[in-house]
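Me: I'd like to learn how to read a helix and some ring pairs in a model. Can you walk me through it?

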Amino acid sequence: MLTLDKIFNASVVLKDILRETKLVKANGIAPDCDLWFKPENLQITGSFKVRGSGYKIANLTEEEKARGVIACSAGNHAQGVALAASKQGIKSLICLPDSAPISKVEATKGYGADVCLVNGVYDDAYNKALELRDEMGYTFVHPFDDEDVIAGQGTIGLEIIQEMSDVDAIIVPIGGGGLISGIAYAVKQISPKTKVYGVQAAGAPSMFNSVKNGCIETLPSVSTIADGIAVKQPGVNTFDLVSNYVDDICLVTEDEIAAAILTLIEKQKMCAEGAGAVAVAAAMFDKLPIKGKKVVSVISGGNIDVTSLSRVIERGLIKAGRKSMLVIELVDKPGQLQEVSSIISEHGGNVTGVHYEQTGDTESINVCVLRISLETRNYAHVLEIENALQERGFRLQK
């Protein structure tokens, strides 16, 4: 059984493996609360996963170590298992979904593991890993539904309470539930008054649905930029622990996740992957009752593929009102573009693209359409520019 003593033991065992991740004060990200971050994106391997896998592998028998270990992962658990196994000279084989970012695949190989790419998502990789376990005799290291793994993740809860004993709430990402199970169990034993909230991507709400309906449910599919928490079905152990120790679970959208990633880069100089940013998104977009509270959001990982990052930043800029497009109907005569540009300039907008087209969709044959891409400060700034154009007689298409 999971016990507080086991989590304390994990903190001792993992001392030589972990990098210290002290709490970091958030700057202007969620002004209605006193927000702090637990930056596990700065952890060795770039995520919290090394904690659970490290403790699990440390507890293997000599016979199990000799046979080697196998795991399945969307990427971060893979790197944790690979590193922990390599440190003890143990062979490791990792099954990853073929949709996992290339950076995570290469990093897993770099930590010394063999990689088996599986068509599908996490759950498909999980089934393949079980098949190979039975065939080859490996010891399976589950990414979340294992008491040793959960105990290892629970060391994050101990560290938060030790560093900030008066914390009111801790916000934690949820995929399969191992991270929040360990944190919630540890925190509630030491500080029952502290709220523990979970966050899932709206495109992968497996734990959210299961807790709401009182039984484990399996999603037919998942779709989210937060690939690290794209899990169709929560674990048996984690479902039980979350049901008993977590105060509430909320969902965040893809746009909100993208905005959180962008905000962390700009305001905190911190890189988070989609799964790592969901707890920040929940605080930013008022998903939980944390107004006036001292809050810690766990940034669970930072292993985002650079090609994905550029797309996420673009989406985050649009969500924040930092990039926008105006579609303006103009009378096709000289001076119109100059006047539009002048109005935008007067109100502090920056034109980044202009596309002019004649169209037959309007009543007058003398009307054309101007599409202007803009850099703006926020949605209020976009509205200010739109109002100024309309006041000068320009018609905007929505």
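Reply: The expected span is 1.5 Å times one less than the number of residues. Helix α13 (residues 306-319) has 14 residues and should span 20 Å, which agrees with its end C-alpha atoms being 20 Å apart. Helices (H or I, at least four residues) and strands (E, at least two) are DSSP runs, numbered from the N terminus. This is a predicted model, where local features need pLDDT of at least 70, side-chain atom pairs count only at pLDDT 80 or more, and totals for chains, interfaces and linings use all residues. Residues are numbered from 1 along each chain as its sequence is written, and side-chain values use heavy atoms, leaving out hydrogens and water.

Me: Which residues of α13 are buried?

Reply: Buried means under 20% relative accessible area, exposed over 50%, partly exposed in between (1.4 Å probe, protein chains only). Here they are L309, V312, G316 and L317.

Me: How are aromatic pairs read, and how many does the structure hold?

Reply: Rings of Phe, Tyr and Trp (its six-membered ring) pair if their centres lie within 6.5 Å; planes under 30 degrees apart count as stacked, over 60 as edge-to-face and the rest as tilted. The structure holds two. The rings of Y126 and F140 have centres 5.7 Å apart and planes at 65°, so that pair is edge-to-face. Y126 is partly exposed at 25%, while F140 is buried at 12%.
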